[in-house]
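This report describes selected structural features of the model shown below.

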Amino acid sequence: MFRIRDSSITKKLAWMNMMVSGGALLLACAAFVAYNMVTFRQTLVRDLSTQAQIVGANSVSALLFNDPKSAENTLAALKAGPNIESAWIYSPDRRPFAAYGRDRRGQALSTLPAIPPGRTEAYWFKDNHLILVRSIMVEGKPTGFVYIVSDLQEMYDRLKRYAGIVAMVLATSLIAALLISSKSRRSIAQPIENLAEIARIVSTEKQYSIRAAKTGNQDELAVLIDAFNEMLAQIQQRDAALQKTHEQLNLALKSAGVGTWSWDMAKNSVAWDEFAAPLYGLEQGALPDEYAGSLNLVHPEDRERLDQAVADSVEKGVPYDTEFRVVWPDGSTHVLGTRGNVYRDEPGKAVQMAGVVWDMTKRKRAEEEHEQLASIVESSDDAIISKTLEGNVASWNGGARRIYGYSAEEMVGKPISILAPPDRADEGEKILERIKKGETVDRSETRRLRKDGAIIDVSLTVSPIRDANGRITCASEVGRDVTDRKRAEDELRKLNEELDERVRQHYPHPREHARDGSTRGRLAEPGARGPPRTEPASDRAGLAGRSSRHRSPEGMQVSRDRLESGAVAVRRVRPWLDETGIHQLALQRCKVLPPA
Amino acid sequence: MKLFYGISPFLHTRQGSWAQSRLLCVARIAAWTPALFLVGAYNLHSQESGHPEYEVKAAYLYNFGRFVGWPSKPPSDEAGSFAICVLGHDPFGTTLDATLAGEAIDGKSVVLRRISKPQDTSNCRILFISASEGSQLKEILARLDKMSVLTVSDIPQFTRRGGMVQFILEENKVRFEINLAAAERAGLSLSSQLLKVAANVTRNPQPGD
């Protein structure tokens, strides 16, 4: 069925124009015709009344002289009035006196309708006829009555003519309205239709680059079109911005190795982006698309904890930020970090969860290594210190505390020159100068001042530390207390001299012994390597003492052996340190940090 | 006088404009109303109901007065009265008195006079000449010549002999004939209404006039 409200604006406008003009015209015509009909009826009544008066007047003599024929002649003149169907003249005693019938149809009324008192005339419309009765008054007294019946043909003819005219005017005005609406279409409907077409293209083809054409008018339509175009431009700008952001995000995610996930709780569907699969060691698209399956990827020991974290986040609003292990298909275990948000609908019910996941295996491993190395450094007996090129202490380990007596809190940020004895105040400067040139000071023997004021012998290895660009930023210093060893060496040397002297005095072939002794003595030289011994370091202290106490040839031999092995034990840490790179690690903290 | 327009008014209505016809009509009614007098309706039907012939004639006699245009200057010296005279033997008896009592014609009260001599007729407007005067009719009419008196009689051949209105009986019904020439010669204008109800109207002068 045709419905005007679903038709186009053009049709609506045309309809509106036609309805308005047609309606107004019809109303005007109806009013005009109605008015005309009313006046015409009055005219009819007046005319009939006039005719009745004339007939009455001309019938007076006939009535007075009792001449019905004459009255009938008078009535016959009514033939000239084509609407008059029949007419009678009644005598004063209400009996028919003379009659007239256009078609000989007229039937005299047996009883003449009464005229209201005080009036000479009465009329009424009945069965498409106008009936009029008039009394013939002579000097205020009734001399007879005229009774005329007129049909309303003239009125109907007139109505027909009016209907024809109205129809013609209506048709003309409707055509004019159509023409006008087709004109107005150009200024109103056409732009709206264009706008609708543009809107349709935008909504169906998602094509935001097109624009609605301007009308050139300054009406509301122009405002609408401008606003629409402005909106499209904004959408385009936002699209571009969104695209850019999206690309940046993808780039960021890709370069950071971050995958995204989102979990629609109502549908229980999990969606992953392209960066997520590699984190689980899976092919693209191999990730499960529901929650339980996703949880199965997690290391069995972490599953319950992760599930609880999700539940806490959904139910209690606890931020979802945790890490878990996954076992890849190849059997390797990886640590993944994840973080996400819960999205809720209006009543606060959680409907969606989305977030990111990333691989933190390497970082985790690095952290573990760092911690391990840090504890090694911390527990080392050597004093491992880092210092800036200005000579300020940057880090201070447990060995340094034990050897020098200062705690890390006391020394970090302070100049290393605190440790220099008065006679070696400039030694630190010299070392730093060499470091700045890129040189390494290897196992330099020197002396240091302890916190308790004692002077100790130390062996220092100072190396430059370079940054990624190869620039020297700070220096590491590994110091070892060699006070006991120095003392032992001195005593050993004295002992050797004494021994050689005694041998020279008692034996004639001192060469064999001398050769033998020199061979043994070389073993004690710094840098010599021998088979590692597992002799406790604490024995070293007692070694020198015993050597000096037992001065017999046998005792001397024992002392030499012990000395040899002690020297080896003192140095055994170094190669290990070099291998593990602890030296580098310990000095990562170059800058002086305030004490924790 | 403009008492009546003899031509059918409908011709005016159809030919003239509506306003014209309406004006004419109004003028006509205005002229009519004061001029018309009531005639006892019973008179019209008197003969049917067995009333004597002269009752009808009495009513007619009175009615004639209303369809005649009288000259502006009344011949009578009795201004203010309208004299209807009966010459000779009165056949009406009291009927005529009853009919004319309290009536007026042309704005004047009607007076009934019974006269016996023709010379007494000078003040009459309507003169009924009784059959008894038939013998001296010529003399009477000669005396009334140009005196504007409407002469009425039921003497046979009255109109042919110079009379104006003559009662006749037609199918036992009272009717009348008119000698229009005689009336016009006397300066009376008879209404067309009167003429059309007359049984016969003589328009040309009669040899007896």
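## A buried aspartate and its partners

A:Asp302 is buried, with a relative accessibility of 6%. The model is a predicted one. A:Asp302 falls below the 20% limit for relative accessible area under which a residue is called buried. Its salt-bridge partner is A:Arg305, and the closest N and O atoms of this pair are 3.8 Å apart. A:Arg305 is partly exposed, at 38% relative accessibility. Both residues belong to helix α6 (residues 300-316) of chain A; because A:Asp302 and A:Arg305 are three residues apart there, about one helical turn separates them.

## Further salt bridges

What is the count of salt bridges over all chains? The count comes to 37. One of them joins A:Asp226 to A:Lys214, with the closest N and O atoms 3.1 Å apart. A:Asp226 is in helix α4 (residues 220-256) of chain A, whereas A:Lys214 is in the loop between α3 (153-205) and α4 of chain A, so the pair ties together parts that are 12 residues apart in sequence. A:Asp226 is partly exposed at 35% relative accessibility, while A:Lys214 is exposed, with a relative accessible area of 63%.

A salt bridge also forms between A:Lys430 and A:Asp426, whose closest N and O atoms lie 3.4 Å apart. Here A:Lys430 counts as exposed at 53% relative accessibility, and A:Asp426 as partly exposed, with a relative accessible area of 40%.

## A hairpin in chain A

Strands β1 (residues 84-90) and β2 (residues 96-101) of chain A run antiparallel and are joined by five bridges. A:Tyr90 stands opposite A:Pro96, which belongs to β2(A). The two strands β1(A) and β2(A) form a hairpin with five residues between them. Within that turn, A:Arg94 has a positive phi of about 65 degrees.

## Nonpolar cores

Which residues touch the most other members of the largest nonpolar core? They are B:Phe64, B:Leu150 and B:Phe176, in a core of 71 residues. Helix α1 (residues 9-64) of chain A gives the most to this core, contributing 13 residues.

The contacts of B:Phe176, leaving aside residues up to four places away in sequence, include A:Phe65 from chain A. In chain B, the residues that B:Phe176 touches include B:Tyr60, B:Phe64, B:Val165, B:Phe167, B:Ile168, B:Leu194 and B:Val197. B:Gln166 and B:Asn200 are also among the residues in contact with B:Phe176.

## A loop position in chain B

B:Gln136 is found in the loop between β5 (126-129) and α6 (137-143) of chain B. This glutamine is partly exposed, with a relative accessible area of 27%. B:Gln136 and B:Pro118 are 18 residues apart in sequence, and their C-alpha atoms are 9.2 Å apart in space.

## Chain A as a whole

Chain A contains 16 helices and 15 strands. Of its 596 residues, 39% are buried. Among the contacts in chain A between residues at least 6 apart in sequence, 51% link residues at least 24 apart. The accessible surface of chain A is about 34500 Å², and carbon and sulfur atoms account for 55% of that area.

Notes: Residues numbered from 1 in each chain as written. Chains lettered and ligands numbered in written order. Predicted model: local features only at pLDDT ≥ 70, side-chain atom pairs only at ≥ 80, totals over all residues. Heavy atoms only, no water. Salt bridge = Lys/Arg side-chain N within 4 Å of Asp/Glu carboxyl O. Helix = DSSP H or I, 4+ residues; strand = E, 2+ residues; numbered from the N terminus. Buried < 20%, exposed > 50% of the residue type's maximum accessible area, 1.4 Å probe, protein only. Contact = heavy atoms within 4.5 Å. Areas by Shrake-Rupley, 256 points an atom, 1.4 Å probe, with all protein chains shown as cover. Pairing = 2+ DSSP bridges. Core = buried A, V, L, I, M, F, W, Y, C linked by side-chain atoms within 4.5 Å.
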